[in-house]
Amino acid sequence: MKSAIASTDAVWMLIDVQTRLCLAMPETAMAAVINNIQRLLQGAQLLNIPLWVTEQYPEKLGETLPALQALLPEYTPRTAKLAFSAWHEPALQESSISVAPQVVLFGLETHICVLQTALDALAADKQVFIVEDAVISRSEANRQNAIERLRAAGCIITNTESMLFEPMQGATHAQFKAISALIR
């Protein structure tokens, strides 16, 4: 299995970045994660990479942050869920994710929903990328533990800038200038 992300092989998933849940996160770290997620959402659109959004128990935890919703194309699938892992949601299994060989995960919480979704995707023979600077937990120790577990399980741990530039493979890509502007 290749270790680079390809725009034609991947689906990117925004996991549970919801209003009430974000309030429980460390404020400074959450602001940095939101900034990176905004870049990823914009980059996915520029690179024509499919996006999927999940919301854990939105009746209690709220919807996806409005600042992120504003960056999502209207057609972006959003799935409400009660299970921690998004992987077994019927709507998700009937989507492009079920056939995409690569899955890119970012959101919260790293040690619960991101971790369980990643482990289930690995069990389904997907190549899973975790965007380390775009995931968060209430406790940094829990986030670090989850990153270690995910790496040991076979996930590729990466970062926002790598995820934005790898699919282009070079400065001649039509979206190079637009992607470069996202990280300035």
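Visitor: Are Asp16 and Lys81 buried or exposed?

Guide: Both Asp16 and Lys81 are buried, a word that stands for under 20% relative accessible area, with exposed meaning over 50% and partly exposed in between (1.4 Å probe, protein chains only). This is a predicted model, in which local features need pLDDT of at least 70 and side-chain atom pairs count only at pLDDT 80 or more, while totals for chains, interfaces and linings use all residues. Residues are numbered from 1 along each chain as its sequence is written, and side-chain values use heavy atoms, with hydrogens and water left out.

Visitor: What makes the pair Asp16 and Lys81 a salt bridge?

Guide: The term requires a side-chain nitrogen of Lys or Arg within 4 Å of a carboxyl oxygen of Asp or Glu; the N to O distance between the side chains of Asp16 and Lys81 is 2.9 Å, so the pair qualifies. Asp16 sits in the loop between S1 and H1, and Lys81 in strand S3 (residues 78-81), 65 residues apart. Helices (H or I, at least four residues) and strands (E, at least two) are DSSP runs, numbered from the N terminus.

Visitor: Why is Glu55 called buried, and why is Arg78 called partly exposed?

Guide: Glu55 has 6% relative accessibility, which is under 20%, so Glu55 counts as buried. Arg78, with a relative accessible area of 37%, falls between 20% and 50% and is therefore partly exposed. Their side chains meet in a salt bridge (3.2 Å, N to O).

Visitor: How do you know that S1 is largely enclosed by the rest of the structure?

Guide: Of the 6 residues of S1, 6 are buried, so the strand is largely enclosed. Ala10, Trp12 and Leu14 cover one side, and Val11, Met13 and Ile15 the other.

Visitor: Which residues have the most contacts inside the largest nonpolar core?

Guide: They are Trp12, Val17, Met30, Ile37, Leu41 and Phe106, in a core of 35 residues. Such a core is a set of buried Ala, Val, Leu, Ile, Met, Phe, Trp, Tyr and Cys residues joined through side-chain atoms within 4.5 Å.
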